[in-house]
Amino acid sequence: MSRLHVVSGKGGTGKTTVAAALALALATEGRRTLLVEVEGRQGIAQLFETEALPYEERKIAVAPASDSGRRAGGEVHALAIDAERALLDYLQMFYKLGSAGRALKKLGAIDFATTIAPGLRDVLLTGKACEAVRRKDKNGRFVYDAVVMDAPPTGRITRFLNVNDEVAGLAKIGPIHNQAQAVMRVLKSPETAVHLVTLLEEMPVQETADGVEELRAAGIPVGGIVINMTRPALLDNGDLDIAARGARTGVAKALSQAGLGGARRGGLADRLIDPLLEQAREHAERVELERAEHAELTAIGLPTYELELLPEGVDLAGLYHLARDLRKQGPI
Amino acid sequence: MTADNTTLDASAPRLEVDTLLDDPHTRIVVCCGSGGVGKTTTAAALGVRAAERGRRVVVLTIDPARRLAQSMGISELDNVPRQVKGVDESAGGELHAMMLDMKRTFDEIVEGHADADRARAILENPFYQSLSAGFAGTQEYMAMEKLGQLRANDEWDLIIVDTPPSRSALDFLDAPKRLGSFLDGKFIRVLMAPAKVGGRAGMKFLNVGMSMMTGTLSKLMGGQLLRDVQTFVAAMDTMFGGFRTRADATYRLLQAPGTAFLVVAAPERDALREAAYFVERLAAEQMPLAGLVLNRVHGSGASQLSAERALAAAEALTDQRAEDTHADAGTDAGDDTDAPAAARAENNLETGGIVDLDGGKAGSRTAGGPSPAAAEHVTPTSASAAQLAAGLLRLHAERMQVLARERRTRDRFTALHPEVPVAQVAALPGDVHDLAGLRAIGDRLALNLTETDDTDTDD
Ligand SMILES: Nc1ncnc2c1ncn2[C@@H]1O[C@H](COP(=O)(O)OP(=O)(O)OP(=O)(O)O)[C@@H](O)[C@H]1O
Ligand SMILES: [Mg+2]
């Protein structure tokens, strides 16, 4: 089973939310997971309703026990990785730079290096995550059972993870080059799984298909597809079929029986019918589109997971709810 | 709640889209907003509408959906506008459209400002390649650059610009300056210093800093990397000031009277929060805001029926059915829900008369689609009609809940910015990827139905 879960997807589809839910879901039976973010947006802190995360691992949540209560929960730690800090730490570690490091920072060199060469920035970010994946304690046990990364969106994910290629053009030798190679070994191993979050809409589904193809071409293992914000089909095919053939009188009667006014022509219940049927037609059209998108996702041939749309948005309770839903759908 | 909302709603002025598009003084319309709210679609729809109302329009889109790009004939990236076919030109207008090619635009700036050899050196430099393809802000800068070029051509009387898909609408205003000042930055000057001042005494400390840094950086990344950076910087030298100047010029263009900003947002909390920031920022920058386009708003033709009542009625209908079925098997659970008494009393009598119900219904339902044989003669009976009615009511309740939520978020925005004119665009059930779809969006934009209008037409 993979231990580094990279969560990507089109912008706004729920990457941060799903990554957090996954980190909670994976933290069962005393397991400890690390949730990392790499884009400096403090999305995790917002979601967990805590103050901004420093560049430092800290516990942010205790994962729930299983519904039956038979399986205990674990804990989720979090880290907001900052490329500039990572570079300074790195320089410190390898060169004991001290004041020279500060001078570089003052000149804007660090900023320059991490900005002008996105490949460099990425290798620092992924490098930190890989380090956490492989870190062991005194007894030789992994410190984190799993690391979940709230990653950049699909459009950038392959470049982001394919650090080796990116950095190769820039640094052909030296520690950065070596670091990139080490990172790449982890990212291309079965220890890693990239999951893509999507909605049942055309653009995100298209991006998901493209993204899977790109990742595969780059030799990076793809895990599953998380279909987020699904909505129940409130009317089934049969109903829609009847509605399509216009079931005016019967429906008017039923509405009237349910206490919604007179069923005769022009009566209150009768006047409800057209707008209600119109809504049903729109619903049917949407269900149809969603079904087509769903088929397209299934055709990709990866395991899929579904998370329902929480009507009131995702607060902390909602997040735990999504985590439970993920758990119920088997190992991810 | 409703009374409150209507007052707030009434106080938000309407955005008159046609007036804006028809006004010959409107030369640039910028569609901005956070990602995923429909900026590209809105920009394209405005383009089609303006062209069909007689203006010579060019639309600059960024990352359009593939099918949308295809339907406008702009799926090849050649970085120049193409005339869009299928637009009604009888009013004398025309629509041209293009999709921004960020790298190409950057390359063209380089080619336009350096002699051939130098340009080649820059274009081949790995740092340039990484910068032009991936620097955060390059896309925004190049969008502005392209806008400046289109405006300078003076070939169109209306330019509609889409903005890059960023998390924050403000990026569009900030990123170009970021690239500009980055290229003019302190560090770059240090890198260039030895070449420029040739060890003048005053610069000595810089050179110390420089060699220390050169040492560290080349240890870290290998000497080649640093040489690449230095060649890049040296080659770009003449152009640096230029980037700042260009960014500044386009910025001023955005403040000019012929420019109108439209902030696009979905009626969701995050999107409207971004929209509010953006509105405040535009005011601070003295950039002219035309209004807010609230995209994908839901409506209902039956808004007089509340979610609560619809759900209660649906439940009554379902309970009734459950009871009927149970009664057959002699296991009436005798549940004591308080469904309308009238509903129960009548229902048994009426359904009793119709016997073909269960067989017919099962046939059409489990097949997962209409079975042609059944479809011909099955007329909905009152039990299946009751189930259908219950389904319709649940669907309606869900819709009303969405409406209420959208209204709450919108009202929060309106309360903060009562001065901002608003146009609401009703949600289409599917995606938009052809001219007809864009036209439909344009119609909705111009019609700008508010809920008050909705209920007016109902009563
Ligand atoms: N299952 C869900 N039900 C309801 N709302 C959801 C669900 N998943 C995500 N959301 C909401 O959708 C919005 C976007 O989610 P989120 O921030 O996780 O997306 P993202 O992909 O990380 O976005 P970005 O691309 O900006 O990083 C948030 O307001 C979030 O609360
Ligand atoms: Mg996010």
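How many nonpolar, polar and charged residues does the shell around ligand 1 have? By class, five residues of this shell are nonpolar, seven are polar and four are charged; here Ala, Val, Leu, Ile, Met, Phe, Trp, Tyr, Cys and Pro count as nonpolar, Asp, Glu, Lys and Arg as charged, and the others, Gly among them, as polar. The model is predicted, so that local features need pLDDT of at least 70 and side-chain atom pairs count only at pLDDT 80 or more, whereas totals for chains, interfaces and linings use all residues. Residues are numbered from 1 along each chain as its sequence is written, chains are lettered from A and ligands numbered from 1 in the order in which they are written, and side-chain values use heavy atoms, with hydrogens and water left out.

Ligand 1 is located between chains A and B. It is surrounded by 16 residues (a residue is near a molecule if one of its heavy atoms lies within 4 Å of it), and the closest are A:Gly12, A:Lys15, A:Thr16, A:Thr17 and A:Leu310. In chain A, α1 (15-26) and β7 (222-230) each supply at least two shell residues; the largest share, three residues, comes from α1(A). Helices (H or I, at least four residues) and strands (E, at least two) are DSSP runs, numbered from the N terminus.

Polar contacts are pairs of N or O atoms within 3.5 Å; within protein, one must be able to donate a hydrogen and the other to accept it, and residues adjacent in sequence count only if both atoms are side-chain atoms. An oxygen atom of ligand 1 lies 2.4 Å from a side-chain N or O atom of A:Thr17. For the side chain of A:Lys15, the corresponding distance is 2.7 Å, and a polar backbone atom of A:Gly14 is 2.9 Å from an oxygen atom of the ligand.

Chain A is assigned domain 1 (4-231 + 309-328) and domain 2 (233-301), with bounds from an automatic or database domain assignment. Their contact (heavy atoms within 4.5 Å) takes 12 residues from domain 1 and eight residues from domain 2.

In chain B, B:Glu52 is placed in helix α3 (residues 39-52). A polar atom of its side chain lies 2.9 Å from the backbone nitrogen of B:Asp88.
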